[in-house]
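Work through the exercises below with the structure in view. Try each task before you read its solution.

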Amino acid sequence: MALLQIAEPGESAAPHQHRLAVGIDLGTTNSLVATVRSGLAVVLSDELGRPLLPSVVRYLADGSSEVGYEAQARQAFDPRNTIVSVKRFMGRGINDLSDREALPYAFASGEGMLRLATVAGLKSPVEVSAEILRNLRRRAEASLGGQLVGAVITVPAYFDDAQRQATKDAARLAGLPVLRLLNEPTAAAIAYGLDNAAEGVYAVYDLGGGTFDISILRLARGIFEVLATGGDSALGGDDFDRRIFCWIIEAAKLKPLSVEDASMLLTRAREAKEYLTFHGAAPITARLGSGELVDLTLTTETFAEITQTLVAKTIQPVKKALRDAGLSVTDVKGVVMVGGATRMPQIQRAVGEFFRQEPLNNLDPDKVVAVGAATQANLLAGNRAAGDDWLLLDVIPLSLGLETMGGLVEKIIPRNSTIPTARAQEFTTFRDGQTALAVHVVQGERELVSDCRSLARFELRGIPPMVAGAPRIRVSFQVDADGLLAVTAREQTSGAEASIVVKPSYGLSDDEIAGMLKESLTHVKDDAQRRALKESQVEAQRLIEAVRSALTADSDLLAADELARIDSNIVRLQSAALSDNRRQIVLTMDDLESATREFAARRMDKSIRRAFAGRNISELDGETTIAKSGEAA
Amino acid sequence: MAVTLSERAASHIANYMAKRGKGIGLRVGVRTSGCSGMAYKLEFADTALPDDIEFESHGVRLLVDPKSLPYLDGTELDYAREGLNEGFRFNNPNVKDACGCGESFNV
């Protein structure tokens with residue numbers, strides 16, 4: 001007999017028509033699945049009552065795989081085929097990994113997303129993540145007694161398009177319809193009901209097993225905006241275990257340990273850490289393989305002392321994130337604690353002291369992200385209570401734009417725009433007779449393409465040959481609710497169209513994103529000057545192109561000395577355009593313009609006199625540059 | 001005529017109501033639909049309707065509409081666990097046969 005849940009008034013589902021939806025926290029170290037049951041968001045445990053699923057997948061020779069605790073237990077024996085922390089590889093190329101040598105995996109070389117060579121064949125991070133998601137999906141279906149209509153999956157706020165797309169692909173592979181990707185800090189804020197709270201700035205402090213993330217969010221009109229993110233991708237609760245481990249070795253004056261002894265003491269260290277959350281002192285006893293007995297007591301004071309530097313290491317990125325957001329501690333209205341490691345009293349104290357307020361910690365920090373995601377999933381699946389009809393919006397983390405002449409970035413969708421969103425801008429050609437246009441989509445905050453991340457390239461072909469600046473090419477950027485981008489370019493007169501769904505082969509690293517945000521803030525003035533210079537250089541090139549094409553068509557209108565004067569001015573401008581002297585470029589451009597004024601007048605007369613004559617429309621091979629509309633010469 | 005709750009069901013309902021933060025009780029009913037004729041309705045109640053028949057069981061207020069009551073008379077609502085799944089179960093003496101999963105039934 002089916003087991004029923006209590007519905008909101010008037011919302012009872014017809015039999016066999018339950019809209020079962022879950023929230024999934026797909027974590028670096030552990031993953032969780034949660035759902036809303038009888039109006040209450042709960043994390044679903046496995047058969048043994050364990051809520052967490054270690055994000056570990058082990059591949060076996062027969063092509064099958066183990067996931068979770070089972071795989072974790074075999075990690076030491078089969079490191080090459082046991083994939084841990086796969087989240088770090090999502091949407092990444094092999095060259096994005098700086099610590100490749102330190103990892104036990106055999107990476108397959110090649111372009112695009114990296115692949116791991118396992119005993120069961122080549123596996124992409126997407127496939128590995130799909131194993132984890134499939135396991136959680138089965139758990140959810142067994143717990144809810146039916147098929148899921150979909151899931152909300154959380155991703156770090158700094159995840160770029162490639163990483164989000166990879167996460168979505170993993171879900172599809174696991175047979176899990178994705179209702180929405182949701183930023184992890186946003187999910188945590190939802191779990192605390194902050195989406196219904198007063199508008200203001202909130203900080204989300206997330207100290208997981210092996211990663212630390214800080215996010216500064218602003219809630220305005222029901223929308224969470226990510227103001228800044230920061231963190232340390234190699235700092236987490238495990239580091240605290242290791243500090244205790246080192247303390248044990250020193251305090252007990254132990255000789256070099258065997259692998260078994262080391263692994264046992266590391267477990268004792270973790271147990272002591274957890275014990276100290278609720279007690280003033282933790283006993284640590286262990287008998288080593290040699291028969292030697294370790295019998296120590298670790299006090300909270302000693303623990304705080306030996307981990308002081310680790311705690312301080314988390315506060316640095318917090319300060320930086322606040323600075324990046326242009327805010328001070330007093331602007332922060334609430335602090336949400338996420339991740340099991342935030343249970344440690346010294347962390348609670350340090351965060352409380354820094355923000356000068358008690359952090360929000362009454363929800364289980366391991367479960368808070370999954371619970372928030374489940375709440376959102378329940379709404380998106382249509383299980384809404386009356387008057388509960390809000391829909392949370394998210395924002396894009398980094399600006400999206402495209403490359404224009406001179407390697408400049410024209411931002412189409414600025415960062416922190418709420419999604420879904422669509423924006424369009426008109427562009428035109430740079431050269432006469434240009435029949436193709438290269439569209440280069442980039443993401444980042446800086447003014448120059450070389451400082452931003454390249455997302456995709458495509459070409460719009462079949463533009464009718466026209467003079468530079470005449471074609472009207474509308475480029476539209478569309479970002480869906482998951483933050484994924486589609487770009488379309490359309491030439492308005494001919495209707496020629498080309499488009500791409502951005503699915504880049506590489507992603508940005510966390511550090512790169514954080515770095516890019518920071519650089520854009522520190523380089524604002526610098527960038528503006530460089531942009532002005534670049535624009536003058538582009539303008540100069542455009543002028544030279546225009547004069548040259550006029551000369552090709554109508555040089556017969558000029559006397560020899562006039563032609564020589566124009567030529568010498570072109571040469572002068574060419575060399576000026578190579579310099580960094582913007583003023584010099586502008587002055588030389590004026591010279592060329594005045595030298596060609598008479599010529600332009602004569603051409604005008606000529607064109608009035610003659611009937612509509614053919615233009616030079618030879619296609620310029622490979623020359624597919626793009627110009628901003630309204631700037632053509 | 002009565003509808004009752006098991007103690008376990010009552011404590012779960014009380015817990016859900018407290019977390020929900022509003023509501024006066026639980027609305028139980030039947031409606032026609034499903035593969036086997038009828039289906040249960042189990043909802044939080046924010047308001048009582050004029051015709052409602054009320055019961056109280058282990059401190060929880062139960063509201064039943066008069067049309068549903070004949071089909072539910074003698075029912076005990078229990079909270080059960082089946083493997084990973086958990087939820088409410090109607091132990092209804094009036095049911096003659098139910099569909100495979102028991103979500104809809106005949107009287």
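## Exercise 1: Two helices in contact

Task: Find which residues of α4(A) meet which residues of α10(A).

Solution. This is a predicted model. Start on the α4(A) side: Glu184(A), Ala187(A), Ala188(A), Ala189(A), Ile190(A) and Ala191(A) take part. On the α10(A) side they meet Val368(A), Val369(A), Val371(A), Gly372(A), Ala373(A), Thr375(A) and Gln376(A).

Two packed helices are described by the angle between their axes and the distance between the axes. Helix α4 spans residues 184–191 of chain A, and helix α10 spans residues 368–380 of chain A. They pack at an angle of about 80°, and their axes are 7 Å apart. Angles of 65 to 115 degrees count as roughly perpendicular. Therefore α4(A) and α10(A) are roughly perpendicular to each other.

## Exercise 2: A sheet and its helix

Task: Give the strand order of the open sheet of 3 strands in chain A, and say which strands stand at the edges.

Solution. The order is β6-β5-β7, with antiparallel pairing. β6(A) and β7(A) (82–84) each have a single partner strand, so one side of each lacks a neighbour in the sheet. These two are the edges. On average, neighbouring strands are turned by 20° against each other, direction ignored.

Look at one pair. β5(A), residues 56–59, pairs with β6(A) in the antiparallel sense over 3 bridges. Arg58(A) has Glu66(A) in β6(A) as its bridge partner. Finally, helix α2(A), residues 125–144, packs on the sheet and touches β5, β6 and β7 of chain A. Its direction makes about 60° with that of β6(A).

## Exercise 3: A glycine in a loop

Solution. Locate the residue: Gly68(A) lies in the loop between β6 (65–67) and α1 (69–73) of chain A. The cut-off for buried is 20 or more. Leaving aside neighbours within four places in sequence, its contacts are Leu53(A), Pro54(A), Val56(A) and Asn135(A). Ile132(A) is 64 residues from Gly68(A) in sequence, yet 7.8 Å away in space, C-alpha to C-alpha.

## Exercise 4: The buried side of a helix

Task: Why do the buried residues of α9(A) lie on the same side?

Solution. In α9(A), residues 345–355, Ile347(A), Ala350(A) and Val351(A) are buried. They cover an arc of only 95° around the axis, which puts them on the same side of α9(A). Their cover includes β13 (200–207), α8 (308–324) and β18 (332–338) of chain A. After the helix comes Arg356(A), with a positive phi near 55°.

Conventions:
Residues numbered from 1 in each chain as written. Chains lettered and ligands numbered in written order. Predicted model: local features only at pLDDT ≥ 70, side-chain atom pairs only at ≥ 80, totals over all residues. Buried ≥ 20, exposed ≤ 12 C-beta atoms within 10 Å, placed from the backbone. Helix = DSSP H or I, 4+ residues; strand = E, 2+ residues; numbered from the N terminus. Arc of directions from axis to C-beta. Contact = placed C-beta atoms within 7 Å. Pairing = 2+ DSSP bridges. Axes fitted to C-alpha atoms, helices over the stretch in contact; angles between N-to-C directions. Parallel < 35°, antiparallel > 145°, perpendicular 65-115°, else oblique.
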